[in-house]
Amino acid sequence: MCGIVGYIGKNNAKDVIIEGLKKLEYRGYDSAGIAINQGGKLKIKKHVGGIQNLENLIKKEDMESHLGIGHTRWATHGAPSDLNAHPHVSMDGNIAVVHNGIIENYVELKEMLKKEYSCEFYSDTDTEVIAKLIGVLYEGDLVDAVYKAVDMMRGAYAIGAISASEDDKLVAVRKDAPLIAGIGDGENYIASDIPALLKFVKEIYLIENNETLVVTADKVSIFDENRNPVEREVFHVTWDADAAEKGGYDHFMLKEIHEQPKALEDTLSRRLGEDGLINLDGISMTKDEIENFSKIYIVACGTAYHAGLVGKTLIEKYVKVPVEIDVASEFRYRDPFVDDKTLFIAISQSGETLDTLEALRVAKRKGARVLSIVNVVGSTVARESDDVFYTWAGPEIAVASTKAYTTQLMCLYLLSLHMGLTKGTLERAKYDAVIEELKAVSDKIRLILKDSAKIEKLTKKLYNRDNIFFIGRGLDSAVAYEGSLKLKEISYINSFAIAAGELKHGTIALMAPGTLVISLATQDKLFEKMRSNMQEVIARDADIVSIAKEGNESIEEQSEAVIYIPECADEITPLLSIVPLQLFAYYVAKRRNCSIDKPKNLAKSVTVE
C-alpha cells in the first residue's frame with residue numbers, strides 16, 4: 001500500500017523521486033521521505049502528512065545527488081509520525097531502506113539485533129528492523145547483505161536499499177509486494193507501480209517474486225533467490241501519461257466516472273467478433289472443460305467482491321453451475337472444498353491485492369484452474385493465473401474504484417455468456433439479446449451522466465445525514481453494497497447496505513424519522529416486493545430516495561426523490577444503476593469537503609493483510 005521510487009543516473013534524484021511519489025499518492029499514505037547519497041554520505045529527510053510537507057522541508061536544502069530512494073508510507077506498525085516515516089537507517093547510518101509490506105517475524109529479529117548487536121530502535125516500524133539487519137550484515141557489499149537479510153525475514157515486501165559506501169548502485173528485492181524497474185538512457189529506476197515512471201520511461205521490467213534487482217546508471221540486473229542471473233523481456237507501456245492526469249475535472253474520481261462509457265466500449269468491442277461471438281483473449285474453454293467444472297469460486301475483496309456478487313448470479317443463470325463467492329481474506333483461512341473440477345475466478349483491480357493473491361495460491365495448490373479478472377497488465381495476480389481476462393479500464397487513479405468496477409462487471413457478463421453458449425445452457429437467441437443490451441449500455445450511461453446536475457442538486461439537502469441505508473433485492477442488493485461502500489469510502493458517512501427482505505429481521509429497528517434510505521428498485525420481477533419493503537421503511541418515517549427504471553413512475557408515491565435509469569433487461573441494470581450511486585457519493589463528499597481522490601486510511605493497492 002506504500003509507494004516506493006528509486007533513481008540512479010544523470011539527473012537530480014530528488015526531482016525524479018518527488019515526481020514519482022506524487023504519481024503514487026493514489027496508493028494511500030500518511031507520510032513521505034527521501035534518502036540520497038551525497039558525496040559518500042546519506043542525507044535523509046522525512047515528514048508526516050502530504051508530499052507537500054516533504055517538499056517544503058527540503059526546499060532550501062542542498063539535495064543534489066545522482067542516487068536516491070523515496071517512500072510514501074501507509075501506517076501499519078506505529079502511528080503516522082516523522083519517526084515512523086521511511087526511509088529508515090542502519091545503526092552506523094551507512095544503509096537506508098524503504099519498504100512496502102509487512103515483516104512477520106520483525107519482533108524476533110528486533111530482539112536478536114538488540115541482544116547480539118546492541119542495536120537501538122527509534123520507531124515502531126518493522127521496516128527499521130530491515131535497515132538495522134542489513135546494516136549488521138554489511139561487509140562492503142550491499143547486494144550480499146540484502147540477500148543475507150532476506151534469508152532471515154518472513155513476510156511480504158518490496159524493499160529498496162542504498163549505501164553511503166556504494167554510490168554506484170541501488171538494490172531492491174520483491175516478495176508478494178509490487179515492484180518494477182524502469183529502463184532509461186544512462187539512468188534507471190525502481191517503483192511500486194507504472195504511473196510513478198510514466199513521465200520518464202515507457203520500457204520497464206516486471207519483477208517477479210523472490211527476485212533481486214541491482215540497478216546502476218547503465219544497467220538493470222535481475223537475479224533469482226539463488227543469485228543466478230534472470231533474463232526478462234522488456235514490457236512496453238502503452239499508457240499515455242495524460243491518462244493519469246485529471247483532464248479538466250475537479251477530481252480523478254469524477255473523471256473516471258465519466259470515462260466509464262468508453263472503458264465499457266473498449267472492454268466489450270475488443271472481445272466481440274463480426275459473428276457476435278465472444279473471444280476471451282485467447283482463453284481456451286471448451287464444452288468438455290466447462291462441463292467438468294462441478295463448482296465455481298469467485299474470490300475477491302471490497303469493490304471487486306461486489307462485482308463478484310453480480311457474477312455469481314450471471315454464471316448460475318447462464319451456465320447452470322453452482323457458484324460460491326467468498327471474501328479473499330476469509331477464504332485463505334478455512335479449508336475450502338477445491339479440487340481439479342473447480343474453476344477459481346480471482347477479481348482484483350490492481351492485480352496486487354495480497355489477500356486475493358494468497359487465496360489464488362491456495363486454490364492452485366488444490367488443483368483448481370485459476371482465471372483472473374484484472375486491470376493491470378503484468379500484475380502478480382495476472383502472472384500467477386492460468387488464464388487472464390483484462391478489463392481494459394485504463395489507469396484508475398482515484399482510490400475509490402468506479403470504472404474498474406463496471407469493467408469487471410462487463411468481463412463477468414462476457415465470461416458467463418461465453419461459457420453458457422459454449423456449454424449449451426444458453427440459447428443463441430437469448431445470448432444475442434443480451435449482447436445487444438450490452439452494446440447499448442455505454443450510450444445509456446452517457447444519458448445518466450448528462451443528467452448528473454440533478455443528482456448534484458439532490459445532495460444539497462442530503463449531504464449532512466449521519467446514517468444512510470442502501471436496500472435492494474436480487475441484483476439490486478449487490479449494487480446496494482457497492483453504492484454504500486462508495487459513500488463511506490469518500491464521504492465518511494456511516495452507510496449500511498442490506499438485502500431489502502432482511503430489513504424486518506433486525507435492521508428495521510434502526511429506522512427512525514429522518515433516516516435516509518437509498519432504495520434500488522430496478523428489477524421488474526421484484527418491483528412490487530421492493531415497494532412493500534419501502535412501505536415498511538416509510539411506516540417508520542424514514543426518507544427514501546429511489547433508483548428505478550424509466551416508466552416505473554408509481555414509485556414516486558413512496559419516494560422523496562427518484563433517479564431514473566434507462567430501460568433495460570433486469571440482468572443488465574447493475575451496469576447502469578451504480579452510476580447514479582457513484583455520482584451521489586461523489587457530490588456528497590464534495591459538499592462535505594472530503595479528500596475525494598485520496599480518502600483517509602485507504603489505499604488503492606492493498607498489499608498487506
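Which residue in β7 does H99 stand opposite? The legends below take up this pairing and other close-up views of the model, which is a predicted one.

**View 1. Strands β6 and β7 in an open, antiparallel sheet.** H99 stands opposite I159 in β7, and this pair belongs to a stretch in which strand β6 (residues 95–103) and strand β7 (residues 155–163) run antiparallel and are joined by nine bridges. The two strands are part of an open sheet of six strands, whose order is β5-β6-β7-β8-β12-β13 and whose pairing is antiparallel. At its edges are β5 (88–89) and β13 (220–223), each of which pairs on one side only.

**View 2. Helix α4 against the sheet.** Helix α4, which spans residues 127–137, lies across β5, β6 and β7, and its direction makes an angle of about 135 degrees with that of β6.

**View 3. Strand β22 and its parallel neighbours.** Strand β22 (residues 516–521) pairs in the parallel sense with strand β20 (residues 467–472) over four bridges, and also in the parallel sense with strand β23 (residues 543–549), here over six bridges. Within these pairings, I518 of β22 is the bridge partner of F470, whereas V517 stands opposite I544 in β23.

**View 4. The largest nonpolar core and the surroundings of M419.** Nonpolar side chains in soluble globular proteins tend to be buried together. The largest nonpolar core of this model has 92 residues, and those with the most contacts inside it are I345, L371, L417, M419, L438, L575 and F584. Helix α18 (residues 573–591) contributes the largest share of this core, namely twelve residues. Leaving aside residues up to four places away in sequence, M419 touches M285, I290, F293, I296, V319 and L343.

**View 5. Another nonpolar core, apart from the largest one.** This core has 30 residues, including L113, V143, A145 and V146.

Methods:
Residues numbered from 1 in each chain as written. Predicted model: local features only at pLDDT ≥ 70, side-chain atom pairs only at ≥ 80, totals over all residues. Heavy atoms only, no water. Pairing = 2+ DSSP bridges. Contact = heavy atoms within 4.5 Å. Axes fitted to C-alpha atoms, helices over the stretch in contact; angles between N-to-C directions. Core = buried A, V, L, I, M, F, W, Y, C linked by side-chain atoms within 4.5 Å. Buried < 20%, exposed > 50% of the residue type's maximum accessible area, 1.4 Å probe, protein only.
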